[in-house]
Amino acid sequence: MSPAKILVTGATGQVGREVLRQLVEENVPVRAGARNPGRLSCPPSVETVEADLTRPETLRTALDGVEKAFLYAVPQGTAAFLDAARDAGLEHIVLLSSQTVTDAFPGQEPIVEMHRTVEAAIVESGIAYTFLRPHNFASNILMWGWPESIRARRKVRFPYPESHSDVIHEKDIAAVAVKALLEPGHEGRSYFLSGPESVTQRRQLEIIAEVVGTPLEFEERTPDQAREDLAETVPPWVADAVFAYWAGSDGVPTHLSDTVEKITGRPARTFREWAADHAADFKG
């Protein structure tokens, strides 16, 4: 296999896909890794490879000839990844972590522990690192079923409409990741990343309605109702964590960071910009 400068793991995910796209725009030799590389849609210049942190036998091939890597936090595969990375001579890991490691709401302990475990293992490995710590991904609402509900019913049935969020566009997370991968000076750093505004869930729906040009209703659900609604979407421990966040930020504007602008030279994208980029998801 011909060498590639950078491995992007999770290249089918919202952030990984964007990291890959931006690296291609920079004309950097890159290898796209995914559990199912058949799902990857890449230009001919991009190598594709199976890279599954839960299947250690895939990692040595994925890391062969690689100098740097963009990595998701997967505790059960981190030790095997780091072993393969040391053997491959990997020089730098940019990890997509979480700001919960420093300012978690009560109830978010499992998410905190997951990311702290991975961060600690990377530090102990001796490989240079950069930790990216966003708190709230704008794209999370895709996971919560908002697009399907909006297309089918022109409404969202959800709890805590006044819960605030520092929603960040995946393009901005990726832009910081690319800077950290390509420029010196980011080694040993941890960056809190956020969008430029604190936006309630109700306001997010209003913005989507404005973008798609369709009136949309926010039907408030009680926490118990919402847990039942989401039971088939997320495991109980994830539900516990996100409900704890929504309850803790109900009516409370959240802390923001200007790190995206400092590192990339441009302001973080607003939620309206994210909604415009994803308008097709909400149109029936």
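Biologist: Why is Arg-203 called partly exposed?

Modeller: In this predicted model, Arg-203 has a relative accessible area of 29%. Buried means under 20% and exposed means over 50%, so a value of 29% places Arg-203 in between, as partly exposed.

Biologist: What makes the contact of Glu-206 and Arg-203 a salt bridge?

Modeller: The N to O distance between their side chains is 3.1 Å. The limit is 4 Å between a side-chain nitrogen of Lys or Arg and a carboxyl oxygen of Asp or Glu, so the pair qualifies. Glu-206 and Arg-203 are three residues apart in helix α9, and therefore about one helical turn separates them. Glu-206, with a relative accessible area of 37%, is also partly exposed.

Biologist: How do you know that Glu-162 and Arg-202 form a salt bridge?

Modeller: Their closest N and O atoms are 2.6 Å apart, which is within the 4 Å cut-off, so the pair is counted.

Biologist: Which parts of the chain does this pair link?

Modeller: Glu-162 lies in the loop between β7 and β8 (164–165), whereas Arg-202 belongs to helix α9. The two residues are 40 residues apart, and the pair links distant parts of the chain. Glu-162 is partly exposed at 33% relative accessibility, and Arg-202 is partly exposed at 31%.

Biologist: Which residues have the most contacts inside the largest nonpolar core?

Modeller: They are Trp-144, Trp-146, Ile-208, Trp-246, Phe-271 and Phe-282, in a core of 32 residues. Core members must be buried, under 20% relative accessible area, so these six meet that limit. Several elements supply at least two residues each, among them α6 (140–143), α7 (146–153) and α13 (271–277). Helix α11 gives the most, with six residues.

Biologist: Which residues does Ile-208 touch?

Modeller: Leaving aside residues up to four places away in sequence, Ile-208 touches Ile-141, Trp-146, Ile-150, Leu-216, Phe-271, Ala-275 and Phe-282. There is also a second, separate core of 30 residues, which includes Ala-32, Leu-181, Tyr-191 and Leu-193.

Biologist: What makes β3 and β9 the edge strands of the open sheet?

Modeller: The sheet has seven strands in the order β3-β2-β1-β4-β5-β6-β9, with parallel pairing. Strands β3 (47–50) and β9 (189–193) each pair on one side only. The twist from one strand to the next averages 20 degrees.

Biologist: How do you know that strands β5 and β6 pair?

Modeller: Five bridges join β5 (residues 92–96) to β6 (residues 128–134).

Notes
Residues numbered from 1 in each chain as written. Predicted model: local features only at pLDDT ≥ 70, side-chain atom pairs only at ≥ 80, totals over all residues. Heavy atoms only, no water. Core = buried A, V, L, I, M, F, W, Y, C linked by side-chain atoms within 4.5 Å. Buried < 20%, exposed > 50% of the residue type's maximum accessible area, 1.4 Å probe, protein only. Helix = DSSP H or I, 4+ residues; strand = E, 2+ residues; numbered from the N terminus. Contact = heavy atoms within 4.5 Å. Pairing = 2+ DSSP bridges. Axes fitted to C-alpha atoms, helices over the stretch in contact; angles between N-to-C directions.
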